[in-house]
Amino acid sequence: MNTPTSTAPTLPASTPASAASPAITALAPEELRSWLDTDADRGGQQDVVVIDVRSAAEFESLHIPGSYNVPLPLLSEHTDELAARLGARVVLACQSGVRAEQARQRLASSGISTAHVLTGGVPGYAAAGGDVVRGKASWALERQVRMVAGSLVLTGLIGGRFVSPKVRAVAGVIGTGLTFSAATNTCAMGRALSVMPWNRAAQEPTRESAILSVPDSASGSAA
């Protein structure tokens, strides 16, 4: 007589279902509003730190009250120093989320794995009814990149038609650059445009004014 055996698949009980899933880092504007309102109800005790990684000019034109302007190039240069000052609730914001995601990846390499990226950036937060500070209007860096790239492609096509076929190579170079930018999630043109005079504010953030102005949450928690 054969002994019946169970054919039901055995699931590893020691592995949680969410273990293989990547951590959710996106934060909806409505959620950030709730977090900031909670901080306000505590009488100003800051639990959430919002880091705006856009250029100083973009920050001046529109930003979230109480946020800290640490442009992405400055954050990249002082990632470890900034990470050492951050606590558990960090929100990274930019214009659309691209630069904020780059900042999140850099901070993750320095041990900050809980940083959130604000969905829709600062404009999305404003559109959702969040409180913002408005200054002199200026073009966002992403919009400038689209304008310059589109203009160069158009110049290459028109020049190739009426000047010389060789001018069409300009369009090919820009197309290659945009493809590389998408594949690596970087933007050399954006970095170049960020240092242009019209993208620089009267008071450019420095290590002292930006990095060291962020509250040292890590030391505060230890204390």
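Two strands count as paired if DSSP finds at least two bridges between them, and strands (E, at least two residues) and helices (H or I, at least four) are DSSP runs numbered from the N terminus. The model shown here is predicted, so local features need pLDDT of at least 70 and side-chain atom pairs pLDDT 80 or more, while totals for chains, interfaces and linings use all residues. Residues are numbered from 1 along each chain as its sequence is written, and side-chain values use heavy atoms, without hydrogens and water.

**View 1. Meet the open sheet of five strands.** With parallel pairing, the strands follow the order β1-β6-β5-β2-β4. The edges belong to β1 (26–27) and β4 (68–69), and because each has a single partner strand, one side of each is left without a neighbour in the sheet.

**View 2. Here β5 and β6 run side by side in parallel.** Two bridges join β5 (residues 90–93) to β6 (residues 116–118). Look for leucine 92, which stands opposite valine 117 in β6.

**View 3. This view turns to glutamate 31, in helix α1 (residues 29–41).** Glutamate 31 counts as partly exposed because its relative accessibility is 37%, between buried (under 20%) and exposed (over 50%), using a 1.4 Å probe and protein chains only. Glutamate 31 and leucine 118 are 87 residues apart in sequence, yet 9.4 Å apart in space, C-alpha to C-alpha.
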